[in-house]
Amino acid sequence: MSALTVLGSCGAWPEPGRACAGFVLSHQGFRIVLDLGYGTIGPLLGHFPRGDVDAVVVTHRHPDHCVDVSALARVRHYEAAGEPKIPLYCEPGVLDVLRALEPRPDPATVFHVHEARWPARIGPFSLTPFPLPHHVPDYGVRLTAPGLTVAYTGDCGPTEALRELARDADLFIADATLPEEPEGSPRNVMTATEAATWAAAGGARRLLLTHFWPGSDRVVSATRARAVFGGDVIVAEEGLVVAL
């Protein structure tokens with residue numbers, strides 16, 4: 001079965017009992033991790049006790065998206081020494097964060113590092129990166145295999161690029177950080193309504209709302225998204241498995 005498992009759904013910091021951004025995409029026996037923010041390593045190890053995943057993709061350097069990659073590095077260093085490195089696709093600033101957190105083991109001794117800004121082949125998937133507006137460089141990712149397309153924004157402001165990122169995706173995983181649209185610009189994160197607007201514009205089949213600001217009313221966010229998106233709207237919850 002192909003599926004997406006939610007490891008964490010919060011933005012900024014985790015609410016009690018939750019974790020920050022993190023997902024595992026499984027397809028044809030291949031397992032790709034999408035982000036590993038605060039608190040995601042425990043749920044990941046619940047599924048894969050030695051961190052036995054096939055690739056990791058990190059959208060950007062903010063710790064609510066990357067800090068537990070450092071924990072995964074420790075697990076692999078101590079529990080899987082001598083095994084092949086795990087491919088890690090990220091922008092260079094992610095490595096700076098990981099090395100500042102823990103220089104030993106150096107991430108490059110555990111991961112085979114690739115820059116996320118280039119298209120790549122990852123197992124059965126073709127990865128297409130999308131530079132998106134955020135406080136730091138952020139790369140949304142579009143993962144396509146025969147019969148399946150999953151797209152993920154990381155964090156970003158509303159932008160025309162999201163139309164193509166979401167284009168005909170079977171699942172569009174989108175930043176729904178803000179309860180209300182703020183005044184002013186530039187915009188670097190979205191509301192659920194904006195996430196749904198771009199899902200509809202791209203013709204995505206299903207929308208997974210995620211990266212909720214702590215304390216957000218997720219029911220309200222989902223209601224607002226459903227008002228503008230006619231497909232299935234799913235609210236990310238820790239432990240949720242979305243069949244694909």
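# A tour, stop by stop

Select H211 to begin: this residue counts as buried because its relative accessible area is 5%. What is on screen is a predicted model, in which local features need pLDDT of at least 70 and side-chain atom pairs count only at pLDDT 80 or more, while totals for chains, interfaces and linings use all residues. Residues are numbered from 1 along each chain as its sequence is written, and side-chain values use heavy atoms, with hydrogens and water left out.

**Stop 1: two positive phi angles**

Stay on H211 and check the backbone. Phi of H211 is near 60°, a positive value in a residue other than glycine. H211 sits in the loop between β12 and α7. Helices (H or I, at least four residues) and strands (E, at least two) are DSSP runs, numbered from the N terminus.

Now select Q28, where phi is near 55°, again positive in a residue other than glycine. Q28 belongs to the loop between β2 (22-27) and β3 (30-36). Its relative accessibility is 61%, so Q28 counts as exposed, whereas H211 is buried.

**Stop 2: a nonpolar surface patch**

Return to the loop between β12 (206-210) and α7 (218-226) and select W213. W213 has 40% relative accessibility and therefore counts as partly exposed.

**Stop 3: salt bridges**

Side chains of opposite charge can pair when their charged atoms come close. The structure holds 19 salt bridges, each being a side-chain nitrogen of Lys or Arg within 4 Å of a carboxyl oxygen of Asp or Glu.

- Select E83 and R76, which form a salt bridge with the closest N and O atoms 3.3 Å apart. R76 is buried because its relative accessible area is 8%; E83, at 33%, counts as partly exposed.
- Select E160 and R163, whose salt bridge has its closest N and O atoms 2.5 Å apart. E160 counts as partly exposed at 47% relative accessibility, and R163 counts as partly exposed at 28%.
- Select E164 and R167, whose side chains meet in a salt bridge of 3.5 Å, N to O. E164 is partly exposed with a relative accessible area of 41%, and R167 is partly exposed with 30%.

Then show E15, R18, R218, E237 and E238 together; a network of salt bridges links them.

**Stop 4: the cavity**

The count comes to 1 cavity of 30 Å³ or more. On a 1 Å grid over the protein atoms alone, a cavity is a set of points where a 1.4 Å probe fits but cannot get out, and lining residues have an atom within 4 Å of a point. Grid points are joined across faces, edges and corners, and a volume is the space filled by probe spheres set on the points.

The largest cavity contains about 40 Å³ of space. To see its lining, select S70, A73, R74, L98, E102, P105 and P107. Which helix gives the most to this lining? Helix α2 (residues 63-79) does, with 3 residues. By class, the lining has 4 nonpolar, 1 polar and 2 charged residues; Ala, Val, Leu, Ile, Met, Phe, Trp, Tyr, Cys and Pro count as nonpolar, Asp, Glu, Lys and Arg as charged, and the others, Gly among them, as polar.

P105 lies in the loop between α3 (92-101) and α4 (107-110).

**Stop 5: two buried strand residues**

Select A174 in strand β11 (residues 171-175). A174 is buried, with a relative accessible area of 0%. Draw a distance to D35: the two C-alpha atoms are separated by 13 Å, and the residues are 139 apart along the chain.

Finish on L127, in strand β8 (residues 125-132). L127 counts as buried at 2% relative accessibility. From L127 to P158, 31 residues apart along the chain, the C-alpha atoms are separated by 21 Å.

Key:
Buried < 20%, exposed > 50% of the residue type's maximum accessible area, 1.4 Å probe, protein only. 1 Å grid on protein atoms, 1.4 Å probe; cavity = no way out; pocket = protein on both sides within 12 Å on 5 of 7 lines; lining within 4 Å.
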